[in-house]
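Hello,

Please find the structure below, handed over for your use. My notes on what was found in it follow.

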Amino acid sequence: MGTLLFLYSCKQEPLELYSGNPAIYFQGAIRNNIYEPKDNGNFSFGYMDPAEKNTVYSIIVASMGPVQNADRPYKLSIDPSSDLKEGRDFEFMDRSFTIKGGQVNDTLFLVLNRTAELKEKNLTVFLQLEDNANFTTAMNSQLIGTGANEQTKYFNKFTFWANDIAGIPWFWDASQTSTSSIINGYLGKFSGKKLKLLVDRYGLVLEEITAIGYQPSASAVLSWGYGLKSYFEEMQAAGTPILDEDGLPMAVGVYLQ
């Protein structure tokens, strides 16, 4: 009999997923002591230097059960409705799709190309793991959250979108969240150049901070604001002011002026 895997739902109730052939799934993460499937990701070239023409995005595919000595290919398909096109907008660094001998995981490396199409809109690719002779996709989905926040997360589906648009992220956008006034009060008006500066100076993950619903903590906003203020003043004193996209000196918000 194969290995039994127990993951915990948001209600902390053990969920017996399957027994039998080893399953394969897109690896998620443990958040607040609860395992949460990861079924989506995104990337924008819009916040990157124009000279950068490609980047690499990684997705981990995991298998259940014990380590095997032999290589075990798995099946990955691309939904034909995807408009992020392989061969134009992205390529797989390795298309063997195999759990190597001695391993239980494989990492898909998507090499994203900065194509003209990405400047127009979000382009999306839908990836799906399927059954084959080595693995099953018996683990399908899991409910995460409660009440109005309840949502279904998938183990065997992964939606990835990309663009080349330096749009204002959700947490900074007045049309999306009322707390944006606080963000503007400390960080000042949004620009793609300022966001990139924040990412570089504070080691932020662009995918996380540009995600819909992302909200930085109050302590993070204070740290970013005061840190930028100090940096701008230092560079101004050195005679090398940081200029924003409009050519004027980059500035923090009114709360710090």
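A residue is called buried when its relative accessible area is under 20%, exposed when that value is over 50%, and partly exposed in between. By that rule Lys229, with a relative accessible area of 25%, is partly exposed. Please keep in mind that this is a predicted model.

Salt bridges

The structure holds 12 salt bridges. Lys229 takes part in one of them, with Glu233 as its partner, and the closest N and O atoms are 3.1 Å apart. Both residues belong to helix H4, where they sit 4 residues apart, so about one helical turn separates them. In general, an α-helix has 3.6 residues a turn, so residues three or four places apart point the same way. Glu233 is also partly exposed, at 45% relative accessibility.

Another salt bridge joins the side chains of Lys121 and Asp83, at 4.0 Å from N to O. Lys121 is in the loop between S12 and strand S13 (123-130), while Asp83 is in the loop between strand S9 (75-78) and strand S10 (90-92), so this pair ties together parts that are 38 residues apart in sequence. Lys121 has a relative accessible area of 47% and is partly exposed. Asp83, at 28%, counts as partly exposed too.

The side chains of Arg95 and Glu86 also meet in a salt bridge, with 2.7 Å from N to O. Arg95 is partly exposed, its relative accessible area being 47%. For Glu86 the value is 34%, which again means partly exposed. Finally, Arg88, Asp89 and Glu117 are linked in a network of salt bridges.

A nonpolar patch

Which residues form a nonpolar patch on the surface? They are Val56, Met93 and Phe109, and together they have about 270 Å² of accessible area. Phe109 is located in strand S12, which covers residues 105-113. With a relative accessible area of 33%, Phe109 is partly exposed.

Helix H1

Helix H1 spans residues 180-187, and its buried residues are Ser180, Ile183, Gly185 and Leu187. These buried residues pack against helix H2 (192-202) and helix H4 (218-237). H4 is also the helix that holds Lys229 and Glu233. After H1 comes Gly188, which has a positive phi, near 85 degrees.

Regards

Conventions:
Residues numbered from 1 in each chain as written. Predicted model: local features only at pLDDT ≥ 70, side-chain atom pairs only at ≥ 80, totals over all residues. Heavy atoms only, no water. Buried < 20%, exposed > 50% of the residue type's maximum accessible area, 1.4 Å probe, protein only. Helix = DSSP H or I, 4+ residues; strand = E, 2+ residues; numbered from the N terminus. Contact = heavy atoms within 4.5 Å. Patch = residues over 30% accessible without salt bridge, like charges linked within 9 Å, V, L, I, M, F, W, Y side chains within 5 Å. Areas by Shrake-Rupley, 256 points an atom, 1.4 Å probe, with all protein chains shown as cover.
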